Amino acid sequence: MAKVYVFDHPLIQHKLTYIRDVSTGTKEFRELVDEVSTLMAFEITRDLPLQEVDVNTPVATAKSKVLAGKKLGIIPILRAGLGMVDGILKLIPAAKVGHVGLYRDPKTLQPVEYYVKLPSDIEERELIVVDPMLATGGSAVEAIHSLKKRGAKHIKFMCLIAAPEGVEVVKEAHPDVDIYIAALDEKLNEKGYIVPGLGDAGDRLYGTK
């Protein structure tokens with residue numbers, strides 16, 4: 001069964017407070033999302049495998065460690081997920097970036113895939129799917145399904161804020177995908193917004209309504 005990790009790092013929690021604040025403007029909101037994404041990337045990569053190598057220092061030869069094993073991929077769910085990509089790339093600049101675009105069908109209210117562009121070797125990569133919000137869970141479930149049907153085998157999901165309902169939906173649909181979040185909020189309201197949440201992440205990132 002999927003594991004759920006809630007990051008309690010003081011810097012993440014501090015910055016998340018200002019991300020939530022309705023008075024935070026677009027520029028500052030974007031910068032804070034970028035910073036929290038970097039901090040979360042530090043935590044989510046904690047279990048990456050290492051291998052020992054020899055390195056020549058100015059003084060002697062040393063046994064030291066470098067990353068081993070699978071290459072990494074970052075998969076933002078369009079459009080809001082784009083706001084988290086650069087923060088992660090600051091720590092892992094060699095990661096490839098793919099994109100999954102979804103929209104909600106106005107009749108069925110179900111997510112529909114409209115754009116997918118991925119690295120050619122995704123089956124070999126450790127993929128991190130990113131989206132600021134995990135509300136109903138529909139978009140996350142469909143994005144992960146899109147990756148799996150194209151051969152992805154190693155997937156994690158990372159978001160800033162999640163509702164318990166969305167977490168359960170993703171866990172049930174994809175029990176092999178661990179979930180990493182900065183805050184687990186109270187609930188969804190009748191409109192499907194996370195409470196207390198932060199509003200619409202895409203609108204706040206890009207200054208749209």
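Annotated sites, cores and aromatic pairs

Trainee: Which residues does Asp-200 touch, not counting residues up to four places away in sequence?

Mentor: This is a predicted model, and the contacts are computed from it. Asp-200 is placed in the loop between strand 13 (194–195) and helix 6 (201–206). Leaving aside residues up to four places away in sequence, Asp-200 touches Arg-79 and Tyr-193.

Trainee: Which backbone nitrogen lies 2.9 Å from a polar atom of the side chain of Asp-200?

Mentor: The side chain of Asp-200 also reaches the backbone nitrogen of Gly-202, at 3.0 Å. At 2.9 Å from a polar atom of that side chain lies the backbone nitrogen of Asp-203.

Trainee: Is Ala-201 buried or exposed?

Mentor: Ala-201 has its place in helix 6. Not counting residues up to four places away in sequence, Ala-201 touches Phe-29, Ala-80, Pro-132 and Met-133. Its relative accessible area is 5%, and the limit for burial is under 20%, so Ala-201 is buried.

Trainee: Which residues of the UniProt "binding site" annotation that covers Ile-194 belong to the lining of the largest pocket?

Mentor: In the unreviewed UniProt entry, this "binding site" annotation covers Ile-194, Gly-199, Asp-200 and Ala-201. From this set, the lining of the largest pocket takes in Ile-194, Gly-199, Asp-200 and Ala-201.

Trainee: UniProt also has a "binding site" listing that contains Arg-79. Which of its residues does the lining of the largest pocket include?

Mentor: The unreviewed UniProt entry lists Arg-79, Arg-104, Asp-131, Pro-132, Met-133, Leu-134, Ala-135, Thr-136, Gly-137, Gly-138, Ser-139 and Asp-200. Of these residues, the lining of the largest pocket includes Arg-79, Arg-104, Asp-131, Met-133, Leu-134, Ala-135, Thr-136, Gly-137, Gly-138, Ser-139 and Asp-200.

Trainee: Which side chain is joined to that of Arg-79 by a polar contact of 2.7 Å?

Mentor: Arg-79 is found in the loop between strand 4 and helix 3, and at a relative accessible area of 36% Arg-79 is partly exposed. Not counting residues up to four places away in sequence, Arg-79 touches Asp-200, Gly-202, Asp-203, Tyr-206 and Thr-208. The polar contact of 2.7 Å joins the side chain of Arg-79 to that of Asp-203.

Trainee: Which element gives the largest share of the largest nonpolar core?

Mentor: The largest nonpolar core has 36 residues, and those with the most contacts inside it are Ile-19, Met-40, Met-158, Leu-160 and Ile-161. Among the elements that give two or more residues to this core are helix 1 (10–20), strand 10 (154–162) and helix 6. The largest share, seven residues, comes from helix 2.

Trainee: What covers the buried residues of helix 3?

Mentor: The buried residues of helix 3 are Gly-83, Met-84, Val-85, Gly-87 and Ile-88. Their cover includes helix 2, strand 4, strand 5 (96–97), strand 8, strand 10 and helix 6.

Trainee: Why is the aromatic pair of Tyr-5 and Tyr-180 stacked?

Mentor: The whole structure holds three aromatic pairs. The ring centres of Tyr-5 and Tyr-180 are 4.8 Å apart. Planes under 30 degrees apart count as stacked; the planes of this pair are at 10 degrees, so the pair is stacked.

Trainee: How many residues apart are Tyr-5 and Tyr-180?

Mentor: Tyr-5 is partly exposed, with a relative accessible area of 31%, whereas Tyr-180 is buried at 6%. Tyr-5 lies in strand 1 (residues 4–6) and Tyr-180 in strand 11; the pair links distant parts of the chain, and the separation is 175 residues.

Trainee: What is the angle between the planes of Tyr-103 and Tyr-114?

Mentor: Tyr-103 lies in strand 6 (residues 99–104) and Tyr-114 in strand 7 (residues 111–117), so the pair ties together parts that are 11 residues apart in sequence. Tyr-103 and Tyr-114 form a tilted pair, 6.3 Å centre to centre, and the angle between the planes is 40 degrees.

Conventions. Residues numbered from 1 in each chain as written. Predicted model: local features only at pLDDT ≥ 70, side-chain atom pairs only at ≥ 80, totals over all residues. Heavy atoms only, no water. UniProt positions renumbered as here; feature names shortened; annotations may be inferred. 1 Å grid on protein atoms, 1.4 Å probe; cavity = no way out; pocket = protein on both sides within 12 Å on 5 of 7 lines; lining within 4 Å. Helix = DSSP H or I, 4+ residues; strand = E, 2+ residues; numbered from the N terminus. Contact = heavy atoms within 4.5 Å. Polar contact = N/O pair within 3.5 Å; in protein donor to acceptor, adjacent residues only side chain to side chain. Buried < 20%, exposed > 50% of the residue type's maximum accessible area, 1.4 Å probe, protein only. Core = buried A, V, L, I, M, F, W, Y, C linked by side-chain atoms within 4.5 Å. Phe/Tyr/Trp six-rings, centres within 6.5 Å; stacked < 30°, edge-to-face > 60°.
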